[in-house]
Amino acid sequence: APATKMAALSGGGAPWRRGWLPALQFIRRGSKAVTRHWKAMHFQRQKLMAVTEYLAPRPAVPPRCLAPRKETLEEDNGYVRLLRRQVEEVFRNNRMIAVCQYNSMPGEDVVLMRHYLRKHNIEVKFVLNEIVRPVLSQSKYKNLLPLFVARNILLVSPETKAKEMLRVLKGVPQINLLGACIDDTILSRQGVENFAKLPLLEAAQGQTVGALALLPSQTSSLLQRGSAHLTALLDQHIRRLQAGETESPAEPPPAQSS
């Protein structure tokens with residue numbers, strides 16, 4: 001019968017298979033491939049983890065527990081003293097000292113720029129901030145210290161050739177003018193441009209002398225106008241009198257006898 005066949009297939013025919021199962025059964029399954037391997041952390045995440053890492057505050061140490069620091073005076077060698085002496089001479093012997101930011105440029109352009117500047121008696125000085133800053137901090141040019149923060153060069157001249165310097169720098173975009181010291185006066189870039197628009201010193205002196213001489217001449221002419229006018233009136237009166245005497249009628253001739 002169908003029911004008996006199903007019972008035989010399900011193990012119902014064997015009495016030791018009904019109502020008993022082993023307490024532990026071993027089931028073997030197919031092994032899976034290992035898909036997770038160690039992988040290095042991305043460098044951006046490493047930076048983030050390093051920045052956000054918690055740092056415990058250090059315990060405060062009383063000052064009496066700290067060993068006193070020994071001040072070591074570093075002696076400058078002869079070459080450094082020579083460079084500083086040269087910088088002092090540059091600031092002492094030149095009336096115009098322009099501070100420029102120097103960007104990388106081909107050597108041929110540097111030679112050409114120095115040639116055009118030398119035509120106007122302007123020299124180019126390559127200096128180091130480690131040499132210039134100590135010199136300026138102990139001089140009257142200490143207000144120029146904020147300009148020496150990168151690679152700089154100095155354009156120096158014993159004359160105030162601001163107009164010629166700006167004309168040459170206009171064709172060299174790698175060099176930017178930051179400021180200048182002209183006749184012991186510190187100027188910004190705009191101040192240098194305004195100074196370049198001024199006339200020459202000789203022309204300004206001539207204009208000043210002319211303006212000062214104009215006022216005394218006008219005063220002198222005003223003071224002399226009255227006496228000159230009176231002299232002119234007297235001269236005219238004298239001429240009129242003289243003309244009247246010459247034009248007076250002559251005496252009539254004597255009458256003839258009949």
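Author: **The contact between helix 3 and helix 5**

In helix 3, the residues Val80, Leu83, Arg84, Val87, Glu88 and Phe91 meet Glu130, Ile131, Val132, Pro134, Val135 and Leu136 of helix 5; contact here means heavy atoms within 4.5 Å. The model is a predicted one, in which local features need pLDDT of at least 70 and side-chain atom pairs count only at pLDDT 80 or more, while totals for chains, interfaces and linings use all residues. Residues are numbered from 1 along each chain as its sequence is written, and side-chain values use heavy atoms, with hydrogens and water left out. Helices (H or I, at least four residues) and strands (E, at least two) are DSSP runs, numbered from the N terminus.

Two packed helices are described by the angle between their axes and the distance between the axes. For helix 3 and helix 5, the axes come within 9 Å and cross at roughly 60°. Axes are lines fitted to C-alpha atoms, for helices over the stretch in contact, and angles run from 0 to 180 degrees between N-to-C directions. Helix 3 and helix 5 are therefore oblique to each other, given that angles under 35 degrees count as roughly parallel, over 145 as roughly antiparallel, 65 to 115 as roughly perpendicular and the rest as oblique.

The whole structure holds 2 aromatic pairs, where rings of Phe, Tyr and Trp (its six-membered ring) pair if their centres lie within 6.5 Å, and planes under 30 degrees apart count as stacked, over 60 as edge-to-face and the rest as tilted. Phenylalanine 91 and tyrosine 141 form a tilted pair, with 5.1 Å from centre to centre and 45° between the planes. This pair links distant parts of the chain, 50 residues apart: phenylalanine 91 belongs to helix 3 (residues 78–93), and tyrosine 141 to the loop between helix 5 (129–137) and strand 3 (152–157). Phenylalanine 91 is buried at a relative accessible area of 5%, and tyrosine 141 counts as buried at 10%; buried means under 20% relative accessible area, exposed over 50% and partly exposed in between (1.4 Å probe, protein chains only).

Tyrosine 102 and phenylalanine 126 form an edge-to-face pair, 5.4 Å centre to centre with 85° between the planes. Tyrosine 102 lies in strand 1 and phenylalanine 126 in strand 2 (residues 123–126), so this pair ties together parts that are 24 residues apart in sequence. Tyrosine 102 counts as buried at 10% relative accessibility, whereas phenylalanine 126, at 41%, is partly exposed.

Strand 1 (residues 96–102) leads on to strand 4, with which it pairs in the antiparallel sense over 7 bridges; two strands pair if DSSP finds at least two bridges between them. Alanine 98 stands opposite alanine 180 of strand 4, and alanine 180 has leucine 187 of strand 5 as a bridge partner. In strand 4 (residues 175–182), 6 of the 8 residues are buried. Strand 4 and strand 5 form a hairpin with 2 residues between them. Aspartate 183 in that turn has a positive phi of about 55° and is partly exposed at 38% relative accessible area.
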